[in-house]
Amino acid sequence: MSKEQILSSDGIPLEQSLKKAERKNKLKAVLLVAPLFLFILIIYVFPIGDMLFRSVDDRMITKMLPKTFKAMESWDGQDLPDEPVYKAIYEDLKYLKENKTYGKIIARLNYEKSGFSSLIKKTVRKLKKIEEGNYKEQFIKIHKRWGQPEYLVALRNAAPNWSYAKYLKGVDMRFDQNKNIVQVEEDRRIYKILWMRTINVAFWVTLFCFVLAYPISHLLATLPMKYSNLLMICVLLPFWTSLLVRTSSWMVLLQQQGPINDLIVWLGLAADDNRPELMYNVIGTFVAMTQILLPFMVLPLYSVMKTISPSLMRAGKSLGGTPLVSFVKIYFPLTIPGIGAGCLLVFILAIGYYITPALVGGASGSLISNTIAYHMKSSLDWAFASALGTMLLVGVLAIYWVYNKLVGIDNIKLG
Amino acid sequence: MGNDHFVRFENVDKSYDGKQLVVKGLNLDIEEGEFVTMLGPSGSGKTTCLMMLAGFETPTNGQIYLDNKVISDIPPHKRGIGMVFQNYALFPHMTVYENLAFPLRVRKIPKDEADKKVDKALSMVSLQGFEARMPMQLSGGQQQRVAVARSLVFDPKLVLMDEPLGALDKNLRESMQYEIKHIHESIGVTVVYVTHDQTEALTMSNRIAVFNDGKVQQLSSPDELYERPVNSFVAEFIGENNTFAGEVSDVEGDKCKIKLNSGIEILANPIVAKSKGEKTTVSLRPERALIDPESEMDNNHKGKIEEVIYHGDHTRLRVDLLGNKEFILKVPNSSSRMDIKEGKEINIGWNSVDCRALDPK
């Protein structure tokens with residue numbers, strides 16, 4: 001079925017003249033959007049892309065030992081390799097020694113198999129004694145581990161350019177020699193605990209925020225303007241204060257000689273010489289994070305509750321529902337979009353929270369974000385930090401997805 | 001009709017801030033099965049009265065009785081009063097069926113019986129087949145009908161309506177007025193209706209309570225209210241009204257002479273102002289004054305037409321009469337009255353019975 005083309009009065013097809021008329025507006029819209037778009041692209045999309053890339057990028061060893069891996073291509077991995085492999089190792093190590101860059105590969109190889117550290121260091125130290133020819137024999141003479149196939153297999157395993165080993169490390173797993181995924185030794189499993197703690201803290205902080213914010217938001221939405229404005233300022237004032245200031249105020253309040261402990265002692269709940277530790281543990285993280293994230297729960301709840309007409313509750317009561325029934329059947333279901341938005345917001349913010357747990361959390365209250373920071377700043381294992389960051393990001397997206405499935409994202413209301 | 005004072009307000013005062021009385025010493029009796037409208041300007045206390053009856057506000061003083069029982073201590077959900085709210089207050093997350101079933105479910109009425117009641121209530125407002133719709137999918141008029149059906153579905157003896165037609169357009173409002181009136185007539189429920197629209201009140205009610213300043217100014221049937229207002233406020237508030245300010249100069253039986261501020265005397269009906277020397281405002285309905293009356297009338301005066309406003313079925317004249325430049329006359333449109341022009345002098349006559357000497361403004 002062909003549609004007849006509609007022409008505008010000057011004979012040009014209507015569609016075309018409409019496009020022409022709209023072109024200027026479209027151009028204007030594009031120009032208005034462009035600065036933010038570029039900003040997001042440069043500041044946000046590229047770094048995240050780079051992070052994702054770094055977390056799986058494992059080319060460092062391949063680049064530093066190019067000849068070795070080329071020579072290993074023909075090796076079956078069963079018995080000790082032949083002479084050319086040892087020759088390639090010698091040449092690569094010699095080059096690295098001359099450039100003084102061999103330190104980098106030690107950590108990476110040691111992660112693959114412990115024992116590599118001393119092996120490489122000793123070999124490098126004695127490199128100048130090695131004479132041309134019969135490298136294999138000379139290597140085994142320097143360190144007997146060169147004669148054990150598992151070390152050479154481990155070396156080969158470090159070869160691929162791309163690896164998700166960092167992700168495995170993030171959940172306390174690793175590859176064994178035969179490329180099977182196994183759990184790390186029990187005393188080295190730290191990340192699972194950290195993840196569980198992070199999720200646990202985020203969950204409870206969200207719950208506390210919800211329990212505290214619901215009545216406040218209701219009050220805010222129903223009080224007369226002059227009181228609700230004052231209350232709103234009380235809620236927002238901390239929001240406008242620097243995060244660092246608020247966290248440090250909590251440090252002042254929660255410390256062992258601080259006012260809250262003084263109060264506990266004064267009330268006789270604890271002895272003076274046995275003051276409870278409220279800071280540098282999970283309690284401090286809970287208290288400070290709940291207070292700091294509270295506005296993120298109050299605002300969406302408030303904005304939803306504000307739209308609920310008070311006559312709905314009245315209608316419920318006049319129709320015979322007790323106040324409780326009217327609340328459960330009428331008011332509460334109508335606030336679900338706000339609850340969803342608030343909980344999602346607080347949970348996502350809490351799961352990646354950094355400064356507060358870093359300052360008041362101590363060792364038992366530190367979260368995954370603190371570990372990411374540690375690997376960024378101290379251990380300089382950027383790839384691992386990137387992997388943890390990516391896992392966090394994927395986790396947040398997963399929560400978002402689940403929420404969308406359960407409640408529907410268009411049900412969300414942020415204000 | 002049964003109980004003479006099914007609903008009774010006894011000396012009810014209400015104050016929100018402790019400084020001002022919103023309702024002052026209200027006394028009001030409502031018969032069972034009656035349709036009573038509380039009519040008044042905004043802020044006159046009519047909605048407050050309704051809210052006290054529903055239980056959402058407590059009287060500061062005085063008692064309210066429902067079926068001879070004091071209801072001040074009964075919470076709203078136990079009063080069993082149906083209510084239609086200004087903005088309908090339909091539960092937006094429930095279907096029409098769930099909205100109507102809500103009062104039945106909280107009363108633990110078995111499902112099959114509840115279904116019957118819902119069906120009956122929906123047929124009353126001709127909305128069968130809309131059970132599964134959400135309130136947002138309905139038009140304003142349909143939402144309004146659902147709200148009415150919901151207030152009736154649990155067979156309450158008393159239904160309160162708080163300006164239920166305020167949000168509808170004119171035509172729909174008129175047809176809903178008749179619909180509510182017919183529902184009231186067919187099921188005989190007592191209705192207390194609040195509105196600020198006098199046409200609505202006149203159309204629907206058995207009796208109207210005109211509220212102003214926290215008090216009932218007059219409680220009577222619509223025709224009584226229009227024809228025989230007891231004070232200036234009611235005369236002014238209901239329908240159109242021409243006024244003259246003056247002073248009683250003589251009283252003779254059921255007539256009195258009023259000396260207007262312009263010095264001319266007219267004959268009037270002494271309603272409030274009954275003794276010589278009293279200040280008064282005289283009220284006269286526009287349709288009670290005639291141009292060039294054929295029969296003899298108590299008052300005959302000349303006036304000058306200031307403005308002619310065409311209204312289709314009738315023409316309104318603004319006339320300068322006895323010093324009142326805002327005197328309104330209504331002339332039915334007929335071929336005999338084609339000589340009406342601005343600036344023309346005309347004879348205007350009216351009877352003293354229709355010209356009521358009320359309290360001064």
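Colleague: Which residues does Ala149(B) touch, not counting residues up to four places away in sequence?

Modeller: Bear in mind that this is a predicted model. Ala149(B) is among the residues with the most contacts inside the largest nonpolar core. Leaving out residues up to four places away in sequence, Ala149(B) touches Leu100(B), Ala121(B), Leu122(B), Met124(B), Val125(B) and Leu127(B).

Colleague: How many residues does the largest nonpolar core have?

Modeller: In general, nonpolar side chains tend to be buried together in soluble globular proteins. Here, Leu53(B), Leu160(B) and Val192(B) are among the residues with the most contacts inside the largest core. That core has 99 residues.

Colleague: Which residues does the second, separate core include?

Modeller: This core is separate and has 48 residues. Those named carry the chain letter A. They include Ala202(A), Met289(A), Ile339(A) and Cys343(A).

Colleague: Which helices cover the buried residues of α2(B)?

Modeller: Start with helix α2 of chain B, residues 96–106. Its buried residues are Val96(B), Asn99(B), Leu100(B), Ala101(B), Phe102(B), Pro103(B) and Leu104(B). Leu100(B) is also one of the residues that Ala149(B) touches. What covers the buried residues of α2(B) includes α3 (111–124) and α4 (140–152) of chain B.

Colleague: Which residue with a positive phi follows α2(B)?

Modeller: Look past the end of the helix. The phi there is positive, near 60°. The residue is Lys108(B).

Colleague: How far apart are the centres of the two domains of chain B?

Modeller: The assignment for chain B gives domain 1 as 7–232 and domain 2 as 240–358. The centres are taken over C-alpha atoms. They lie 39 Å apart.

Colleague: How many residues does each domain of chain B give to the contact between them?

Modeller: Take the domain 1 side by class. It has two nonpolar, two polar and no charged residues. The count is four residues from domain 1 of chain B and five residues from domain 2 of chain B.

Colleague: Why is chain A said to be more spread out than a compact globule?

Modeller: Chain A has 19 helices and two strands. The globule rule gives 22 Å for its 415 residues. Chain A is well over that, so it is more spread out than a compact globule, with a radius of gyration of 31 Å.

Colleague: What share of the residues of chain A count as buried?

Modeller: The C-alpha trace of chain A spans about 100 × 95 × 35 Å along its principal axes. A residue is buried if 20 or more other C-beta atoms lie within 10 Å of its own. Of the 415 residues, the share is 29%.

Colleague: At what angle do α4 and α7 of chain A pack?

Modeller: Two packed helices are described by an angle and a distance between their axes. Glu83(A), Tyr86(A), Lys87(A) and Tyr90(A) of α4(A) meet Tyr135(A), Lys136(A) and Phe139(A) of α7(A). The contact has four nonpolar, no polar and three charged residues. The axes are 8 Å apart, and the angle is about 65°.

Colleague: Which helix gives the largest share of the side of chain A that touches chain B?

Modeller: In all, 15 residues of chain A are in contact with 19 residues of chain B. On the chain A side, α15 (310–318) and α16 (323–351) each supply at least two residues. By class, this side has seven nonpolar, six polar and two charged residues. The largest share, six residues, comes from α15(A).

Conventions. Residues are numbered from 1 along each chain as its sequence is written. Chains are lettered from A and ligands numbered from 1 in the order in which they are written. This is a predicted model: local features need pLDDT of at least 70, side-chain atom pairs count only at pLDDT 80 or more; totals for chains, interfaces and linings use all residues. Two residues are in contact if their C-beta atoms, placed from the backbone, lie within 7 Å. Helices (H or I, at least four residues) and strands (E, at least two) are DSSP runs, numbered from the N terminus. Ala, Val, Leu, Ile, Met, Phe, Trp, Tyr, Cys and Pro count as nonpolar, Asp, Glu, Lys and Arg as charged, and the others, Gly among them, as polar. A nonpolar core is a set of buried Ala, Val, Leu, Ile, Met, Phe, Trp, Tyr and Cys residues joined through C-beta atoms within 7 Å. A residue is buried if 20 or more other C-beta atoms lie within 10 Å of its own, exposed if 12 or fewer, and partly exposed in between; C-beta atoms are placed from the backbone. Domain bounds come from an automatic or database domain assignment. The radius of gyration is taken over C-alpha atoms; the globule rule is 2.2 Å times the number of residues to the power 0.38. Axes are lines fitted to C-alpha atoms, for helices over the stretch in contact, and angles run from 0 to 180 degrees between N-to-C directions.
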